[in-house]
Amino acid sequence: MFSSEGEKIKLSQVISTSEARGAVEKWLLQVQDVMLMSVRDVIERAVEAYPMTPRTEWVKVWPGQVVLCVSQVRNQQ
C-alpha cells in the first residue's frame, strides 16, 4: 500500500483474485481485511522496535500514522 505522501506498507498476505470468482465485493472485502492486518502487523513491529531504537531514528523508519499511533500508546503506559 502507498500513501499520497509516498509512505509504503507491504501487504502481509497475498490477495487471491481467483477466490472471489469474479465477485468484486468479495475481492474488495479481502483487500480491506489484508490492509487492516498489514497495518496491525507494522504497528506491532514498531511497538517492539520503540524501546530498542533512539526515538530520533525510530521516527524516520516508520510511516507517519504508525509513529502517531505508537507514540500515543507508549505515552499512556
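Mentor: The accessible surface of the chain comes to about 6,000 Å², and 56% of that surface belongs to carbon and sulfur atoms; the areas come from the Shrake-Rupley method with a 1.4 Å probe, and for residues only the protein chains shown count as cover. This is a predicted model, in which local features need pLDDT of at least 70 and side-chain atom pairs count only at pLDDT 80 or more, while totals for chains, interfaces and linings use all residues. Residues are numbered from 1 along each chain as its sequence is written, and side-chain values use heavy atoms, with hydrogens and water left out.

Trainee: OK, and what share of the 77 residues is buried?

Mentor: Buried residues make up 22% of the 77 in the chain, where buried means under 20% relative accessible area, exposed means over 50%, and partly exposed is in between (1.4 Å probe, protein chains only).

Trainee: What about the radius of gyration of the chain?

Mentor: The chain has a radius of gyration of 15 Å, whereas a compact globule of 77 residues would have one near 11 Å; the radius is taken over C-alpha atoms, and the globule rule is 2.2 Å times the number of residues to the power 0.38. Along its principal axes, the C-alpha trace spans about 45 × 25 × 15 Å.

Trainee: Tell me about α2, then. Which of its residues are buried?

Mentor: The buried residues in α2 are Gln30, Val31, Val34, Ser38, Val42, Ala46 and Ala49. The helix covers residues 24-49, 26 residues in all, and reaches 37 Å from its first C-alpha to its last, close to the 38 Å expected at 1.5 Å a residue; that expected span is 1.5 Å times one less than the number of residues.

Trainee: Take Gln30 from that list. What is it in contact with?

Mentor: Glutamine 30, which is found in helix α2 and is buried with a relative accessible area of 18%, is in contact with Val14, Ile15, Ser16 and Glu19 once its neighbours within four places in sequence are left aside. Contact means heavy atoms within 4.5 Å.

Trainee: And Val14, buried or exposed?

Mentor: Valine 14 is exposed, with a relative accessible area of 74%, and its place is in the segment before α1 (17-20). Valine 14 and valine 34 are 20 residues apart in sequence, and their C-alpha atoms are 8.2 Å apart in space.

Trainee: Changing topic, how many aromatic pairs does a search of the whole structure find?

Mentor: The search finds one aromatic pair. The rings of tyrosine 50 and tryptophan 58 have their centres 4.8 Å apart and their planes at 85°, so the pair is edge-to-face. Rings of Phe, Tyr and Trp (its six-membered ring) pair if their centres lie within 6.5 Å, and planes under 30 degrees apart count as stacked, over 60 as edge-to-face and the rest as tilted. Tyrosine 50 and tryptophan 58 are both buried.

Trainee: Last one: what feature does UniProt place at residues 1-46?

Mentor: An unreviewed UniProt entry places "domain: Dynein heavy chain linker" at residues 1-46, with positions given in the numbering used here, the feature name shortened, and the caution that annotations may be inferred rather than shown by experiment. In this model the span is 59% helix and 0% strand, and its end C-alpha atoms lie 17 Å apart.

Note on methods:
Helices (H or I, at least four residues) and strands (E, at least two) are DSSP runs, numbered from the N terminus.
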